[in-house]
Amino acid sequence: MAITHRIKTACLYLVFAALGLNADEPSGYYSTCENLGGENLLKALYSKISSHTNVGYDGLWSLYKTSDVKPNGKIWDMYSTKEWPTNSQQCGQYKIVGDCYNREHSFPKSWFSKGSPMVSDAFHIYPTDGKVNGQRSNYPYGECANGTTLPSNGSVKALGRLGSSTFSGYNGTVFEPVDEYKGDFARSYFYMAACYYNKIGNWNSPMLAGNNYPAFTSWAINLLLKWHRQDPVSKKETDRNDAVYARQHNRNPFIDHPEMAEYIWGNKKNERWSSDTNKEPEINSPASGSTIDLGITSAGDYQLIRTITVKGSHLTQNVSVSSSDSHFTVTPTSLAASSVNSDAGAKVSVMFKNSVAAKSASTLTFRSGTAVSTVNVKAETVEGLPALPATDITTEGFTARWVCIGDEFDGGTYKLTVYKGPDVVAQYDVNAKAETYEVGNLEPTTAYSYTLSSRNQTSNAVDVTTATPMPAVNFYYDGDLSFSAVPGEASEAAELLVEIENIDTDVEIEVNEPFELSTDKSNWSTKITLNVDEDRCYLRVNSAKAGVFETSITATAGEYVNDDATVQAIVCELTNFIEDFEALITTSGYEGGEWVGTAATWYLDDVGMYATDKSEAHNGKQCVRYGKSTTSSIEMLTDTPNGAGTVELYGKRWSSSDGDATVELLYSTDQGKSWTSVGTATFNSDSYNKYTFTVNRQGNIRLKFAQTKGKRCFIDDIAVSNYTASSSIDPVENYHAWDAYCRDGQLIVEASSKTKAAIYGVDGITYHNGTVASGETSFNLPAGLYIVSIGDFTRRVLIK
């Protein structure tokens, strides 16, 4: 469905995307940072990378096609397991995990008041699942051992969890990404401190110290350095660094030189960094001081085995590996320096076994000459069958885990029993070797426990509390949320349906000027307050000056913030759309590609403009000639914000020998992401005929003329009239043909024509069942919630 704004203006604007190739770090790129440390090194990095190209918020979509793609060509999502297509499923609106992906400010934009250029800096904005992005909100990153993971959607799983911080130094709500991407996000935060050294002291966040250096609070520095060390730079990051550099023309120095973080915030901040320093022998992974938890197994002859990848740089001596505790053994005990220096690293197996139930710990030492890394390792043995802590905890269930030690029932099963207090609520026969089972159909915010049993063994009990339903404010609207207006005149209002979940306080909704909000279409401001029982508000643009504007719709309730919905508007004077192709440069063949026309920028596919076709033009000297294939098309690359009423064009076939040609008209209201067919025209004459299509669609719109049958043909003089109200009313227009809302304590029913309406109270009383006049009809009713019904649609109205 498309928002039924009345479009009162039209203007054309061009957006040109810069193209670039991947490039490694240029020689000498960080030469001005040599022999500096601490704040001085951070300042030098600021001077180097702060000046860069702003690709624009919309430009991120095209950048992601090179910066965030997997080897299979799909968009790489760090918040879910979904692999997204590059040209579709962009949010928009979402209900569940896997609906769509959007642009996640890993460093929330509310922290820097949505300022530019931070709001569109690709180094901290990633393509992520919309639903998980909404769950993260603007909470800081952190660690939460018992956090909530959103429910899966079929095979698509949410990544990350939200909960109370369990990291020392902070006890608020945090979002914890999965281990695989923690280093990526840490280095994004280091980048923000360097690139915006001159600004970050004025930003506000639980992770920020309110100064330019060290910029982060002590707990945040400890967290980010931990993640940075434990999740080293990956090929995904280096490829992304090159791709962003090609468009944004700066780099993330903490990807090029991860050791710089240590010289600014870490254990070398009193030393001076040099590019030569990076050539010293070093064992990079596992990070010195990190902890590896092997898990839990049964006491006796059962053992745990974990394979660890050891990586280093500039090592000249083999790496020896030793354990301080005899319950932990390592194989092999010596690794070739060349293997450790390689991109793949070298593998070492750590094995643990204990004959008695106990918690055990050891220190693993990796040594190559002067390069040393010491790593803590721990494990636990229990009597009986080992049950492990639950993961993927949601409002409705969790994933139970265990260690298979054999001793299965017939069919290779264990018995999984779930308790609520002393009562058994569910039992399952589970595949013992699977070692996981998804438990569902539970109550939210409820304490449960589970055990497993085999033929002769019973496990320890594991306590788990299901998650509390998370607060959410979701906006739903028709089509693409964009507006058009002439300077000094407000656009028509768009209706926003507001879904408020698990919130019991008022919700503040805010936009930036020149956008305005209202609950009654009479009083307009940039900020409104909705009661939890209200489900709608209205949005418009109202600017005295021409321009292109954009804002987020920000909903706030206590700590909860949702600023995912983005609004765009074009305010400019009315112009006519007539494409005569006289501005296009003539070609020598069906070259195709991007061409700037008289009224729009076009993409030509198997279509050309020949100098020899001057006599073939309907008017003037040029027209476009379609090729012999049925894939020929011309497509607008820029929107016309008038909408489209009727579309007229002149067309003819090449010749009777080529035969008739059929061309289909399609339109798009979402910048060409999806197309809707209007109809077809068949050119069956060697002379031009005029063909007329009725579109009647409002808002920003693009057109496409695609050949579906036949061979060569000509098109010329495309004229598009502004939108006018359609004489045929579809269901969308039926819905928007009336409205109901509260104004000054009265229920207002607004109808485009005299119609029958009913008003019901939640107490079951019918307050009106009859006609309402065209225009506004007022009803004096007691305060409360009412349902207004006209035709097949209803609206809720809260009288305050």
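The legends below describe close-up views of a predicted model.

**View 1. Helices H1 and H4 pack against each other at an angle of about 85 degrees.** Helix H1 covers residues 38-49 and helix H4 residues 182-195, and their axes are 7 Å apart. Angles of 65 to 115 degrees count as roughly perpendicular, so H1 is roughly perpendicular to H4. On the H1 side, the contact is made by Leu42, Leu45, Tyr46 and Ile49. These residues meet Tyr191, Ala193, Ala194 and Cys195 of H4. By class, the residues of this contact are 8 nonpolar, no polar and no charged.

**View 2. Strands E21, E23, E27 and E25 form an open sheet of 4 strands, in that order.** The pairing in this sheet is antiparallel. Strand E21 (472-476) and strand E25 (515-518) are the edge strands, each pairing on one side only. On average, neighbouring strands are turned by 30 degrees against each other, direction ignored. Within the sheet, strand E23 (residues 494-501) and strand E27 (residues 536-541) are joined by 4 bridges. Leu496 has Cys537 in E27 as its bridge partner.

**View 3. An open sheet of 6 strands runs in the order E33-E34-E37-E42-E39-E40.** Its strands pair in the antiparallel sense. The edges are strand E33 (593-596) and strand E40 (676-683), each of which pairs on one side only. Neighbouring strands are turned by 25 degrees against each other on average, direction ignored. At one edge, E33 is joined to strand E34 (residues 601-605) by 4 bridges, and the two strands run antiparallel. Here Trp595 stands opposite Trp602 of E34.

View 4. Neighbours within four places in sequence aside, Glu635 is in contact with Thr601, Trp602, Tyr603, Trp675, Leu703 and Lys704. Among these contacts, Trp602 is also the residue that Trp595 stands opposite.

**View 5. Strands E49 and E50 form a hairpin with 2 residues between the strands.** Strand E49 (residues 784-790) and strand E50 (residues 793-799) run antiparallel and are joined by 7 bridges. Gly784 stands opposite Ile799 in E50. Gly791 in this hairpin takes a positive phi near 60 degrees.

Notes: Residues numbered from 1 in each chain as written. Predicted model: local features only at pLDDT ≥ 70, side-chain atom pairs only at ≥ 80, totals over all residues. Heavy atoms only, no water. Pairing = 2+ DSSP bridges. Axes fitted to C-alpha atoms, helices over the stretch in contact; angles between N-to-C directions. Parallel < 35°, antiparallel > 145°, perpendicular 65-115°, else oblique. Contact = heavy atoms within 4.5 Å. Nonpolar A, V, L, I, M, F, W, Y, C, P; charged D, E, K, R; others polar.
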